[in-house]
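Have the structure open and follow along.

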2 protein chains.
Amino acid sequence: MSMKNARIAILGATGAVGLEFLDILASRGVPAENLRLLASARSAGKHLPYGGADLAVEEIGPHSFDGIDVALFSAGASISRAWVPVAVEAGARGGDNSSAFRMNEDVPLIIPEINADAIGDARIIANPNCSTIIMNMVVWPLHARNPVERIVVSTYQAASGAGLRAMRELEAQTRDVLDGRDARPNVFPVPCAFNLFSHDTPIDESGYNTEEVKMIRETRKIFGTPELAITATCVRVPVLRAHSESINVTFSEPMPAEEARAILSAAPGVTVIDDRASNRFPMPIDAAGCDACFVGRIRNDVSQADDRGLELFACGDQLRKGAALNAVQIGDIMSG
Amino acid sequence: MSMKNARIAILGATGAVGLEFLDILASRGVPAENLRLLASARSAGKHLPYGGADLAVEEIGPHSFDGIDVALFSAGASISRAWVPVAVEAGARGGDNSSAFRMNEDVPLIIPEINADAIGDARIIANPNCSTIIMNMVVWPLHARNPVERIVVSTYQAASGAGLRAMRELEAQTRDVLDGRDARPNVFPVPCAFNLFSHDTPIDESGYNTEEVKMIRETRKIFGTPELAITATCVRVPVLRAHSESINVTFSEPMPAEEARAILSAAPGVTVIDDRASNRFPMPIDAAGCDACFVGRIRNDVSQADDRGLELFACGDQLRKGAALNAVQIGDIMSG
């Protein structure tokens, strides 16, 4: 059975990631009658276009997953904690886009290009954080050839990571500022128009915010390297969708830039944009709406000896490979 | 003699940095009659407000620097190469904001809080690159106590670094995109609205762009550590003014975050904004128009042992401390 023939439930279909789920499933020819869109009472009753059809959003309940093969969750961690077990109990396999189960020992954390084998017969499979996915997509192919010793990453994250309302806030607030009105933050705690700010998730006692901790822990789990040295700084920038990341990697052995470029050019799901002569490198507006993760600025780090250091700059659509596409790929395997 | 009594020539007064020169000099009470504004034939004849006065911009010529004590240059490297020697020949001391003389062995490269002593009796003094100044302002006070072994920096640079026209392009292009029109790049080679891109300076054979090379070489010169291990990735973001930088530093000895915070809190020209509980850290809109460089997200790097690694996030107004203010401070010393 492929996703095309699976009966699929989607929780969170009205959100930014949910709309991408529908776009991807429609483009794959999944028939409307195989889909069940679920939401809390607040969003139930809404209608969403799907191909030529019109799908009603049903209120989630104890029997919502009866007869469902694959349930995709993208409505936040607390909703996932409540309903993923219900879906599994009903016989479905759950693909969860939230952080609820990612670090559970029994739950595989999957990027199909990297560790599809780890899915096995698990009933719950977790989809990693968007920034984790984009970084891992471009670092893993190199790590597989020459183990990574340390990663230093700084992110440039789009508004889309905070949902549709955040994207609309960036647009509306930018217009206000251009028209001479004050910025009025609502979704974000501080102004986002023509500004940037440290990712607005709680800071732990080590001084790292939750987004940074996710990038660190999830990468270790996905790579299967629990002691990997990695540090991250996560920053929100006034870009609508597609995250960017400046990634500094130290390898165990020399990794000349030409070799890295060749490895990345052959890596599935990765597109190299690295034209030094015309100064063309990955940009979020080019990555937006694309399935591939883009990588460029591939060069040996002049601060490290023996070509053991590499600098990379990556962009990936936070809503596609960073969320919905990766989850659909997981769904393909779960229903396979 | 202080700058207040010096006779000052300014080349490039109509540019983004030049207007900041005038603002800073006016706030210090430098009388209008002590100023001579110079430009190429194209800009000559313009008038600029200064305090309550109105200053005419004169066309530059061989006698423009007669009777001048301090000549401040901010009109690009080729103009500086042509006219700084003329100013010096006429008996002025030249403070140059361009890259023309920065790496000349005989020319001191000065951030007054760091290496004012290096000015000596030099006739030409260079003002560092804006990104260099902001990074050095927050790293130097730590380096002075515990030598830096390596720096990995990623920048988030505002449109102001490319001048007034770039700032206006960001505003106009953003309005176009919000209104559904295409982005029409002109000053920048690619769209800047809701986008970011690798700094659009030429890439050398090592794969680094000119802005990155400046940060690396200038820091080594200012710190007096010609072998310092440092790598940089420079990125332009859709922010109007004030650059931000994510800075990862490795020290020779342990540098606990609390110690770093105490050192930076006492550092001249530096303001610590590091409130983990309320998630308040430096932001470019707060730094814009300010003289201080802001630093926060001060935490020990979990990827390095023994607290030898430190993560910092800095913001500084590219036009103030990153350019005009630093040059005026140099002018103070030159005319002292």
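Predicted model: local features only at pLDDT ≥ 70, side-chain atom pairs only at ≥ 80, totals over all residues.

Out at the E7 end, strand E6 (residues 93-96) of chain B pairs with E7(B) in the parallel sense, over three bridges. To find that pairing on screen, look for B:Gly95, which stands opposite B:Ile125 in E7(B).

Still in chain B, how do helix H4 (residues 130-143) and helix H7 (residues 257-265) cross? Their axes come within 9 Å and cross at roughly 115°, and the crossing is right-handed.

On the H4(B) side you'll find B:Val138, B:Pro141 and B:Leu142, which meet B:Ala260, B:Ile263 and B:Leu264 in H7(B). By class, this contact of H4(B) with H7(B) has six nonpolar residues, no polar ones and no charged ones.

Helix H5 (residues 164-178) of chain A and helix H5 (residues 164-178) of chain B have axes that come within 10 Å and cross at roughly 130°. That angle makes H5(A) oblique to H5(B), and the crossing is left-handed.

Which residues meet here? A:Glu171, A:Thr174, A:Arg175 and A:Leu178 in H5(A) meet B:Glu171, B:Thr174, B:Arg175 and B:Leu178 in H5(B). The contact of H5(A) with H5(B) divides into two nonpolar, two polar and four charged residues.

## E15 of chain B, covered on both faces

Strand E15 of chain B (residues 309-316) is largely enclosed by the rest of the structure, because eight of its eight residues are buried. Both faces are covered: B:Gly309, B:Glu311, B:Phe313 and B:Cys315 are buried on one side, and B:Leu310, B:Leu312, B:Ala314 and B:Gly316 on the other.

E15(B) runs antiparallel to E12(B), and eight bridges join the two; B:His243 stands opposite B:Gly316. Strand E14 (residues 293-300) of chain B also pairs with E15(B) in the antiparallel sense, over five bridges. There, B:Arg299 has B:Glu311 as its bridge partner.

## Two buried residues with cross-chain contacts

B:Ser244 lies in strand E12 (residues 243-251) of chain B and is buried, with a relative accessible area of 0%. Beyond its neighbours within four places in sequence, B:Ser244 is in contact with A:Leu196, B:Ser154, B:Thr155, B:Tyr156, B:Pro284, B:Phe313, B:Ala314 and B:Cys315.

Is A:Ile203 buried or exposed? With 16% relative accessibility, A:Ile203 counts as buried. You'll find A:Ile203 in the loop between strand E9 (197-198) and helix H6 (210-223) of chain A. Not counting residues up to four places away in sequence, A:Ile203 touches A:Tyr208, A:Asn209, B:Arg276, B:Asn279, B:Phe281 and B:Arg297.

How values were computed. Residues numbered from 1 in each chain as written. Chains lettered and ligands numbered in written order. Heavy atoms only, no water. Axes fitted to C-alpha atoms, helices over the stretch in contact; angles between N-to-C directions. Helix = DSSP H or I, 4+ residues; strand = E, 2+ residues; numbered from the N terminus. Parallel < 35°, antiparallel > 145°, perpendicular 65-115°, else oblique. Left-handed = near helix turned anticlockwise from the far one by under 90°. Contact = heavy atoms within 4.5 Å. Nonpolar A, V, L, I, M, F, W, Y, C, P; charged D, E, K, R; others polar. Buried < 20%, exposed > 50% of the residue type's maximum accessible area, 1.4 Å probe, protein only. Pairing = 2+ DSSP bridges.
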